[in-house]
Amino acid sequence: ENLIKVTGKGISVLGITEKDLEDIFLIRQNIEGLAAAFAAKNCSSEDLKELESVLELQEFYLEKHNAEQIKVMDNKFHETLYKLSGSLVFYNTLLPLHIKVQKYRKASVQRSSRATESVAEHRKIFDAIVAKDAKLAEQYAAEHEEIEKRIMKGLMRLPAPANNISQMALYSNVWNAYNAFLINCIFFYIEFLPKSPSYCILYINMLLYCHIVSKKQSRKGGD
């Protein structure tokens, strides 16, 4: 799905661009709206129970503020909706596109206000399907996708926190290694100074070098 690139140095993650996101949601707004309309026309009472069960679980996890399970149930709601359309073409088209934006969808539902709004939008889609109102179901599904697109585009423009976290972990590891080395040097100094002054001079030089490196890393971490 063009999410990774194999190079001479290994595999790199490409992700999706803002233009990709626009294209994905252009397709989703139109086809997912139709899928909701088809579901309103075609789904049975058993189908409705399946979709309602997923929605009720999402509402349950919303009350528990469980963002991870809200996301899982969000995926399940959309997948079930695609299935209830009765169209294998819709299902096979929409599901991969939904999966492609998972990174931003997860970040979106982690915000409690958006999670509440999203679940309420799902409830409106479900109620329209129950009422067999295909036009309203299509409208609500398309509106839901338009809102999601707007939010995900905003998230895409934010600086990625993962890199900052990785840098902080690196600086922390350097600092911990430096402290461990310092303790070892103290013990070495106490144990071997009377026996071998030349080794102690070497260790002191290494200690000074580590101190300089750790200072440089600390300055980078503060930038």
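Here is a short tour of the aromatic pairs and nonpolar cores in this structure. The model is a predicted one. Two aromatic pairs turn up in a search of the whole structure, and the largest nonpolar core holds 26 residues.

**Aromatic pairs**

- Let's start with F38 and F90, whose rings make a tilted pair, 5.2 Å centre to centre and with 50° between the planes.
- This pair ties together parts that are 52 residues apart in sequence, because F38 sits in helix 1 (residues 18-42) and F90 in helix 4 (residues 88-100).
- F38 is partly exposed at 31% relative accessible area, whereas F90 is buried at 14%.
- F60 and Y61 make an edge-to-face pair, with 5.2 Å centre to centre and 70° between the planes.
- F60 is partly exposed, with a relative accessible area of 40%, while Y61 has 19% relative accessibility and counts as buried.

**The largest nonpolar core**

- Within this core of 26 residues, the ones with the most contacts are A36, L51, F77, I125, I129 and A137.
- Helix 1, helix 2 (45-63), helix 3 (67-84), helix 6 (112-130) and helix 7 (134-156) are the elements that each give two or more residues to it.
- For a closer look, take A36: leaving aside residues up to four places away in sequence, A36 touches L81, I125, I129, A137, E138 and A141.

**A separate core**

Conventions. Residues are numbered from 1 along each chain as its sequence is written. This is a predicted model: local features need pLDDT of at least 70, side-chain atom pairs count only at pLDDT 80 or more; totals for chains, interfaces and linings use all residues. Side-chain values use heavy atoms; hydrogens and water are left out. Rings of Phe, Tyr and Trp (its six-membered ring) pair if their centres lie within 6.5 Å; planes under 30 degrees apart count as stacked, over 60 as edge-to-face and the rest as tilted. Helices (H or I, at least four residues) and strands (E, at least two) are DSSP runs, numbered from the N terminus. Buried means under 20% relative accessible area, exposed over 50%, partly exposed in between (1.4 Å probe, protein chains only). A nonpolar core is a set of buried Ala, Val, Leu, Ile, Met, Phe, Trp, Tyr and Cys residues joined through side-chain atoms within 4.5 Å. Contact means heavy atoms within 4.5 Å.
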